[in-house]
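These are my notebook entries on a structure that I am opening for the first time.

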Amino acid sequence: MVKVTLKDGVFWVGVVDWNIRDFHGYITRRGSSYNAYLIADEKTALVDTVKVAFCNELIEHVSEHVGLDKLDYIIVNHVEMDHSSSLPTIAKLAKNAKILSSVRGKEELIKHYGSEFERVETVKSGDTLKLGKKTLTFLEAPMLHWPDSMFTYLIEDKILMPNDAFGQHLASSGRFDDTVDQEVLMEEAVTYYANILTPFAPLIVRKIEEVVAMKLPIDMIAPSHGIIWRKDPMKIINAYMDWCTGKAVKQKAVIVFDTMWGSTDKMARAIGEGIASQGVEVKLLKLRATDNTDVVTEIVDAKVVLVGSPTLNNGMFPSLGQFLTYITGLKPRGKLWGFFGSYGWGGGAVKGMVKTAKEAGFDVMEQSIELKWVPTEEEMKKCFEFGLQIAQKIKA
Ligand code: FEO
């Protein structure tokens, strides 16, 4: 492999997973990568490992720089298996290496891989590790992405290795932000944020503020998925602040729906036309034609989300149940939610969806629309009006 150098003595030794298309339910159309970094000084440290299916590739990449038996440290920033499932093999080969993780990381490593990980040494925020001329310091970052998560910062080279934070599921031949298409990069960065990190938005803001207050100069952000931010690391930090705080929200509505015989579809279109008639952007996403991964991404910069379902067996359509389970778990903040639907002889879908949304703490509009059988011309006008009122709320 051509060596990928971040700075003198700092190397990417990860792997590219070109063909993964389903990352625990998240549709990864552009693949991903599992990034690991090697820091070679008087002592050598490996930061994170990779998914076990790619363990041999990791071993090859590390061995191009140093024999595994010569590794002095293995840093585990995060225990989720896309980053740690090679560790049992690597730890056996790197028999002289000390393994470092957070306290929660050690607990999780033992639970995942057994008592051999009792030997893990724990670090906490502010601890440092001298490798020679280079020094690592650690910053605990619980829930970014798991309780164990931490960031590793290479002081002299000003490289932040934040594991999952600031990543993207993006397979590419280029390893740096200035070597890939910028539009694709930001599209994958927001999709990743929306589907992985949305529930932790307030924690992300606090962590970014903490890093800023520490006045850590950052030349590069080297996450555990996708490209390394070297040209403009502030681009992704600013984007995260905008997504997390709602600053990215614009005058936009998303209509998420499904349909049986076309009535809910007709309603969605009429509502959408009402919204668009006021110059407000609107997107209609039918659930059986759009994956939840993309729906959630569209919601990041929307002010209003309207959800429509036909009634099936006195309740909501199954695809809506799946969507609401996903979205109420992710809990995007600062959105206004509205509901609509159609039914035959007895309703139930709208009532069920409203209940689910309220129980999740969502801000639910008072007004909803539920229509019997096929909407009449008069009822279509009512839907248009509903959309028009929503557009006015958005503009207000
Ligand atoms: Fe990429 Fe939370 O693992």
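**Entry 1**

I looked up an open sheet of five strands and found the order 12-13-14-15-16, with mixed pairing. Strand 12 (128-130) and strand 16 (220-223) stand at its edges with a single partner strand each, so one side of each has no neighbour in the sheet. I note that neighbouring strands of this sheet are turned by 20° against each other on average, direction ignored. For that angle, axes are lines fitted to C-alpha atoms (for helices over the stretch in contact), and angles between N-to-C directions run from 0 to 180 degrees.

I recorded the terms here. Strands (E, at least two residues) and helices (H or I, at least four residues) are DSSP runs, numbered from the N terminus. Two strands pair if DSSP finds at least two bridges between them. Strands of a sheet pair through backbone hydrogen bonds, either parallel or antiparallel.

Within this sheet I checked strand 13 (residues 135-140) and strand 14 (residues 150-154), which run antiparallel and are joined by five bridges. Leucine 136 has leucine 154 of strand 14 opposite.

**Entry 1: what kind of model this is**

I note that the model is predicted, that local features need pLDDT of at least 70 and side-chain atom pairs count only at pLDDT 80 or more, while totals for chains, interfaces and linings use all residues. Residues are numbered from 1 along each chain as its sequence is written, and side-chain values use heavy atoms, with hydrogens and water left out.

**Entry 2: the chain as a whole**

I counted 12 helices and 23 strands in the secondary structure of the protein chain. Taken along the principal axes, the C-alpha atoms fill a box of roughly 80 × 40 × 35 Å.

How much of the chain is buried? Of the 396 residues, 57% are buried. Buried means under 20% relative accessible area, exposed over 50%, and partly exposed in between (1.4 Å probe, protein chains only).

The chain exposes about 16,700 Å², of which carbon and sulfur atoms supply 53%. Accessible areas come from the Shrake-Rupley method with a 1.4 Å probe; for residues, only the protein chains shown count as cover.

I also looked up contacts (heavy atoms within 4.5 Å). Among those between residues at least 6 apart in sequence, 72% join residues at least 24 apart.

Is strand 21 (residues 336-343) mostly covered or mostly open? I found it mostly covered, with seven of its eight residues buried.

I then listed pairings of strand 21. Strand 19 (residues 304-312) pairs with strand 21 in the parallel sense over seven bridges, and glycine 308 stands opposite phenylalanine 340 there. Strand 23 (residues 369-372) also runs parallel to strand 21, joined by four bridges; its isoleucine 369 is the bridge partner of phenylalanine 340. Strand 22 (residues 363-364) is joined to strand 21 by two bridges, again parallel. Here leucine 336 has aspartate 363 as its bridge partner.

Most residues other than glycine have a negative phi.

Aspartate 48 sits in the loop between strand 8 (44-47) and helix 1 (55-63), and it counts as buried because its relative accessibility is 4%.

Which residues does glutamate 42 touch? Leaving aside neighbours within four places in sequence, I found glutamate 42 in contact with Asp72, Leu131, Gly132 and Lys133. Glutamate 42 lies in the loop between strand 7 (37-40) and strand 8, and it counts as exposed because its relative accessibility is 66%. Glutamate 42 and lysine 130 are 88 residues apart in sequence, and their C-alpha atoms are 9.3 Å apart in space.

Arginine 104 lies in helix 4 (residues 103-113) and is partly exposed, with a relative accessible area of 42%. Not counting residues up to four places away in sequence, arginine 104 touches Pro147 and Asp148. The C-alpha atoms of arginine 104 and serine 224 are separated by 19 Å, the two residues being 120 apart along the chain.
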